[in-house]
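Below are some notes on the strand and helix arrangement, for comparison with your own reading. Please go through them with the coordinates open.

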Amino acid sequence: MAILKSINSINFRNFKSLDISFDEKLNIFFGQNGTGKTNILEAISLIAKGRGIRNASINDLIKKNEKNFLIKNNLEIKNNHFNIEIFTENKNDKFKKIIKINDDLSKESLDFLNKSISYIIFLPEMERLFQTSPSYRRNFLDRLVFARRNDYNRLINKYKKLILERIKILQTNLADNDWLTQIEKEICILGLEIYNERDLQVRSINSNFQLLKYDHKFQFNVELKIKDDYFHNRISLEEYLLKLRDLRTFDKKFGGTKIGPHKSDLIGIIDEDFEASLLSTGQQKTVVLMILLSQCNYLVNDKNINPVLLLDEIGSHLDSYNRQILLDMINKFKIQFFLTGTDRNLFSFVSTKGQFYNITDL
């Protein structure tokens, strides 16, 4: 279990200097919009792979008129303390995020860190999850997969790279058929793995919905489904490859790849009756919180992973159902929470002792 003990940042986003010690259970940041609440969660999220909860460009993380940023974290993993340093490196006008673990830059240390910390994230735009674009929902689902499989981003990135390479080949007049066939085979192998990982994730969330409903009176029943015109659970590599070959002319003409996990969508069925896209904003937030609660239960009890929760602007649209789900997460699991909201009173329902931070005073 990873517990963030403190953070010290220099020249990160709007903060010239920021130094905070954290409660091992519940941390709540409040203050007006624009004071930097989300920036703190973003700094915390950079401990893991990638570019943080906003997926921002690294140079955008640096405070204006400064050359780089530095974030120091003290992280406790299985009762051992690790000093994590995150900073920027500029090579040929290209910024890169660098992570040191106890002054060690080795791949082994970085792999250890990536295996030791996992995040569950809520962002304000998720309140309209089922009314946003399919690509946003795919990314939402992929983040859930990434929380249990820390190399999943490599799989996604390699797949996307091959898709782009296939398009370039198709649009040349000197396409090497053997080369194209080999690339398509790799696309199919990776595509099937992505399909299977997403399918496993959806089935795990749905099964945990059923487990949790005995302890929690949910507002409605939810079933998540992957919507894909071509994929089914038993599709073979040969079937997938044949479909991809048959679509070469079409894909060359329209400049894309018509089939594959990059075309899938995530939908929610409410009470076996209608899609979640018809719900109000507050009700969609309820569904998302149900998913995150189910994900917590799955990670902690099935995968022996204790995630860190980063819930941005979670204080808004909290009706009685949403408050209860959030309380269930806080009270049920021995994991660390970081919550933000515009006003301390938004969290008056939280009975668990926690640490409150007025961002305007930092």
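**Notes on sheets and helix packing**

1. Three strands make up an open sheet in the order S8-S9-S10, and their pairing is antiparallel. Strand S8 (222-227) and strand S10 (274-275) are at the edges with a single partner strand each, so one side of each has no neighbour in the sheet. Strands here are DSSP runs of E with at least two residues, helices are runs of H or I with at least four residues, and both are numbered from the N terminus. Two strands count as paired if DSSP finds at least two bridges between them.

2. This is a predicted model, in which local features need pLDDT of at least 70 and side-chain atom pairs count only at pLDDT 80 or more, while totals for chains, interfaces and linings use all residues. Residues are numbered from 1 along each chain as its sequence is written, and side-chain values use heavy atoms, with hydrogens and water left out.

3. S8 is joined to strand S9 (residues 265-270) by six bridges, and the two run antiparallel. Leu224 stands opposite Gly268 in S9.

4. Angles run from 0 to 180 degrees between N-to-C directions, with axes fitted to C-alpha atoms, for helices over the stretch in contact. Contact means heavy atoms within 4.5 Å.

5. How does H3 cross helix H4 (residues 152-170)? Their axes come within 9 Å and cross at roughly 140°. That makes H3 oblique to H4 (under 35 degrees is roughly parallel, over 145 roughly antiparallel, 65 to 115 roughly perpendicular, and the rest oblique). Asp142, Val145 and Phe146 in H3 meet Tyr152, Asn153 and Ile156 in H4. The residues of this contact divide into four nonpolar, one polar and one charged (nonpolar: Ala, Val, Leu, Ile, Met, Phe, Trp, Tyr, Cys and Pro; charged: Asp, Glu, Lys and Arg; polar: the others, Gly among them).

6. Another open sheet has five strands in the order S2-S1-S4-S5-S6, with antiparallel pairing. Strand S2 (15-21) and strand S6 (94-101) are its edge strands, each pairing on one side only. Neighbouring strands are turned by 15° against each other on average, direction ignored.

7. Helix H2 (residues 107-116) lies across S1, S4, strand S5 (80-91) and S6, at about 85° to S6.
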